[in-house]
Amino acid sequence: MKVRLLLGILLVFLFILAGCNKETDTAQHKKENLKEEKIKIVEEKSYTLVDSITHDHVLSYSAIIKNESDKTLNVNDTTIKYVNKTGKVIDPHIIPNDPDVHLAPYILKPGEKGYISAEGIINKEPDTYDVKVKINPIKPASNVKSLKVKEDVMKQEKENHILHITGTATNNTKQSIEYILVGAAVYGEHNEFIGTTFQSEEAQLTPGKSISFDSTSSQIPDKELAKVKTYKVVASTYQE
């Protein structure tokens, strides 16, 4: 009788221990997943302006994001919506429904930063609005390669209100590449974030070859463009 009682107590203890271990493992797994997939927005700006050429009302958004996980992540599944003060998406006739979102690079190594440029066209001048950004990091990601940037300069096309960051990107990898992405962030005199530029370009480059790039933005208001003093630019490609 005592043996049966002892066995029963032992089995109950083992079940409780197994349940605790399962809960601990699950909590730890969730914690690791959160850590692995953490993408942080470190800088952001949004503007309302009228396009100098088409005269459309434009909402623009720029941001710098950082991969704070220990995994290489693909952040190309990023969506942006402009909403009014009540939380509703501004203007049902926004073109396109989800504003264009450009990312460079869109595959981020641990600790690496990426640049977001986004814009949407609406039918009328907007009221006060907010920006809702949803980043869905995907892993595992393809292999990202940083390209060597040289001869880079910044200039403004003031008559068309366009900011250019030009230069050359060199394929410093050991494989041929088919395209490049160029992203840049621009800053004011006191290192305040002002906006981003973007370019994607097909580029059949063998190792050691270079191509010119022109990363642009026409979505920064003139008064903010006048403050631009410095910039950071990156070029990248992806290999399967």
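User: To start, in which strand does serine 62 lie?
Analyst: Serine 62 lies in strand β2. Helices (H or I, at least four residues) and strands (E, at least two) are DSSP runs numbered from the N terminus. Residues are numbered from 1 along each chain as its sequence is written. This is a predicted model, in which local features need pLDDT of at least 70 and side-chain atom pairs count only at pLDDT 80 or more, whereas totals for chains, interfaces and linings use all residues; side-chain values use heavy atoms, with hydrogens and water left out.

User: Is serine 62 buried or exposed?
Analyst: Serine 62 is buried, at 6% relative accessibility. Buried means under 20% relative accessible area, exposed over 50%, and partly exposed in between (1.4 Å probe, protein chains only).

User: And which side chain does the serine 62 side chain make a polar contact with?
Analyst: The partner is the side chain of threonine 196, at 3.0 Å. A polar contact is a pair of N or O atoms within 3.5 Å; within protein, one must be able to donate a hydrogen and the other to accept it, and residues adjacent in sequence count only if both atoms are side-chain atoms.

User: What else is serine 62 in contact with, leaving aside neighbours within four places in sequence?
Analyst: Besides Thr196, the list for serine 62 holds Glu43, Glu44, Lys45, Ile116, Phe193 and Gly195. Contact here means heavy atoms within 4.5 Å.

User: Which residues of the largest nonpolar core touch the most other members?
Analyst: They are Ile39, Tyr61, Ile65, Val75, Ile80, Tyr82 and Ile116, in a core of 25 residues. A nonpolar core is a set of buried Ala, Val, Leu, Ile, Met, Phe, Trp, Tyr and Cys residues joined through side-chain atoms within 4.5 Å.

User: Which strands supply at least two residues each to this core?
Analyst: Those strands are β2, β4 (78-84), β5 (95-104), β6 (107-108), β7 (113-122) and β8 (129-135). Strand β2 gives the most, with 4 residues. There is also a second, separate core of 22 residues, which includes Ala184, Val186, Phe213 and Val233.

User: Why would such side chains be buried together?
Analyst: In soluble globular proteins, nonpolar side chains tend to be buried together.

User: Changing topic, how many salt bridges does the structure hold?
Analyst: The structure holds 3 salt bridges, each being a side-chain nitrogen of Lys or Arg within 4 Å of a carboxyl oxygen of Asp or Glu. In one of them, lysine 38 meets glutamate 68 at 3.8 Å, N to O. Lysine 38 lies in the loop between α1 (2-36) and β1 (39-50) and glutamate 68 in the loop between β2 (57-67) and β3 (73-74), so this pair ties together parts that are 30 residues apart in sequence.

User: How do β11 and β12 pair?
Analyst: Strand β11 (residues 177-187) and strand β12 (residues 193-205) are antiparallel, over 10 bridges; two strands pair if DSSP finds at least two bridges between them. They form a hairpin with 5 residues between them, and asparagine 191 in the turn has a positive phi of about 65°. Glycine 183 has phenylalanine 198 in β12 as its bridge partner.

User: Where is serine 218 found?
Analyst: Serine 218 is in the loop between β13 (210-217) and α2 (222-225), and it is partly exposed at 26% relative accessibility. Its side chain makes a polar contact with the side chain of glutamine 219 at 2.9 Å. Leaving aside neighbours within four places in sequence, serine 218 is in contact with Leu49, His161 and Ile162.

User: Lastly, how many helices and strands does the protein come to?
Analyst: The protein comes to 2 helices and 14 strands. Of its 240 residues, 39% are buried. Among contacts between residues at least 6 apart in sequence, 72% join residues at least 24 apart.
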